[in-house]
Amino acid sequence: MDVTGVTEILVAVLGVIAALAVATIAVLLFYRHRAARHEHELHQDLQEQRQDIERREHRLAEREERLDAEQRHLDERAHQLAETEAAQEARRLELLDIEEERRLLLERLAGLTAEDAKAQLVETIEAEAKRSAAILARDIERAAQDEAEMRAKKVLGTVIQRLAAEQTAESVVSLVPLPSDDMKGRVIGREGRNIRAYEQITGVNLIIDDTPGAVLLSCFDPVRREVGRLTLEELVADGRIHPTRIEEVHERCEREVDALCARAGDDAAVEAGVADLHPELLATMGRLKYRTSYGQNVLRHLVESAHIAGMLADELGLSRESIVRGAFLHDIGKALTHEAEGSHAIVGAELARRYGESEDVVHAIEAHHNEVEPRTVEAVLTQAADAISGGRPGARRESLEAYVQRLHRLEEIALAKEGVEKVFAMQAGRDVRVMVSPSVVDDIEAQVLARDIAKQIEEELTYPGQIKVTVVRESRATEIAR
């Protein structure tokens, strides 16, 4: 092989070696770059882990500080409790010493030991117990006999009272005709809603029985019963019966009855020959059109008394004006006895004085029942006219007046309680409905109120049988859609 061939072979070998070196350098550079990038990524991960570890260490340090503070607080609290327990134990030991000293002192003063004192006390208590047992047995025997008699009387009284509605029907019941028996269902309403609303709003007891084409209204107050009658008649005629409608018609009928009362007072004054009465006196007199005294219509009684007083004045040759006027006004207080305290004579005299009546007339009113000693001829003749009008045969029934007065007192007792808005005595006085303000009286107070009213009725009134007191607490929410 010549030199040229060797040279070529060496050049070729050197070229291959150079190529391999270049490739090796390239590979080394690639892996070096990759290792540097991996090293950078590891460095970043380590940095983040270091920061996270530092944050955790900071939180742990804070928590450790809080725990140390709480531990110190607990240690202080435990120390305080230990001191308190020690003080209480010392106090207990001191009290035991004082109790022992007191016991020894009592034994020394009494000359007895504790055991001897206990024995004597037991003997004394045993003797007292035997004596009390004997007295109690005797009292129980007597109480059983008294209770038997009382229960028998109560049963009889309840039976008698159940007849009160029949006996007072003529004076406390009104009949309202219906166009058909189907109207009774509309009056009752769904689940009795309408009849309950009617009784609560009007204070009149609505009785629906087997009477064809009619219902009964029962109420001891004639004015209230008349308002209830007009209300029901208008509702039946209109056909729309629901609680809101009942309330609207009742308010309108109250105004209508007030107007009727004013007209009745004016007509009575004209019939009695009494002129120049104040309009308020005339309106008050008109309310007596619906009231009775011992079964006698009060307004007719006053007109009759005025005529009698006028005839007495003519027979005695006296001036008629003040005598007739006093006799005509003498019972005007009966229209206000359920609104003002005092007898109807005193209430009527104050009312007449307020509206400008003369002192002779005022004195005749206040003296007609001898609550004030009569000093004038007008007062004496007013008493005579009142007695003649009420004393004629068939004029009065005393039991009815006592019954009405008892029902008035039932309502007054309940109205005097705080939070009471309306009170209605129903069922011949056997049922008292009390409407209270829901903002003043809650459910618990309503129960207490019913018990208090029943207790006061038991203490103040005398009545046969039993009286049920019902407290009604109703809440209403009203909004207007515009």
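Trainee: Which residues make the nonpolar surface patch of about 520 Å²?

Mentor: Val6, Ile9, Leu10, Val13, Leu14 and Ile17 make this patch. Patches consist of residues with over 30% relative accessible area and no salt bridge, with nonpolar side chains (Val, Leu, Ile, Met, Phe, Trp, Tyr) joined within 5 Å and like charges within 9 Å; areas come from the Shrake-Rupley method with a 1.4 Å probe, and for residues only the protein chains shown count as cover. The model is predicted: local features need pLDDT of at least 70, side-chain atom pairs count only at pLDDT 80 or more, and totals for chains, interfaces and linings use all residues. Residues are numbered from 1 along each chain as its sequence is written, and side-chain values use heavy atoms, without hydrogens and water.

Trainee: Why is Val13 called partly exposed?

Mentor: Val13 has a relative accessible area of 42%. Buried means under 20%, exposed means over 50%, and partly exposed lies in between, so Val13 is partly exposed. Val13 lies in helix H1 (residues 3–110); helices are DSSP runs (H or I, at least four residues), strands are E runs of at least two, and both are numbered from the N terminus.

Trainee: What makes Val347 buried?

Mentor: Its relative accessible area is 9%, and the limit for buried is under 20%. Val347 belongs to helix H12 (residues 344–354). Val347 and Leu336 are 11 residues apart in sequence, with their C-alpha atoms 7.3 Å apart in space.

Trainee: Why is helix H11 called oblique to H13?

Mentor: The axes of H11 (residues 320–329) and H13 (residues 359–366), lines fitted to C-alpha atoms over the stretch in contact, with angles from 0 to 180 degrees between N-to-C directions, come within 9 Å and cross at roughly 40°. That makes H11 oblique to H13, because angles under 35 degrees count as roughly parallel, over 145 as roughly antiparallel, 65 to 115 as roughly perpendicular, and the rest as oblique.

Trainee: What makes the contact of Asp443 and Arg473 a salt bridge?

Mentor: Their side chains meet at 3.1 Å, N to O. A salt bridge is a side-chain nitrogen of Lys or Arg within 4 Å of a carboxyl oxygen of Asp or Glu, so the pair qualifies. The pair links distant parts of the chain, with Asp443 in helix H16 (residues 443–460) and Arg473 in strand E8 (residues 468–473), 30 residues apart. Arg473, at 32% relative accessibility, counts as partly exposed.

Trainee: How many salt bridges does a search of the whole structure find?

Mentor: The search finds 23. Among them, Arg353 pairs with Glu359, the closest N and O atoms being 3.5 Å apart, and Lys334 pairs with Asp331 at 3.7 Å.

Notes. Buried < 20%, exposed > 50% of the residue type's maximum accessible area, 1.4 Å probe, protein only.
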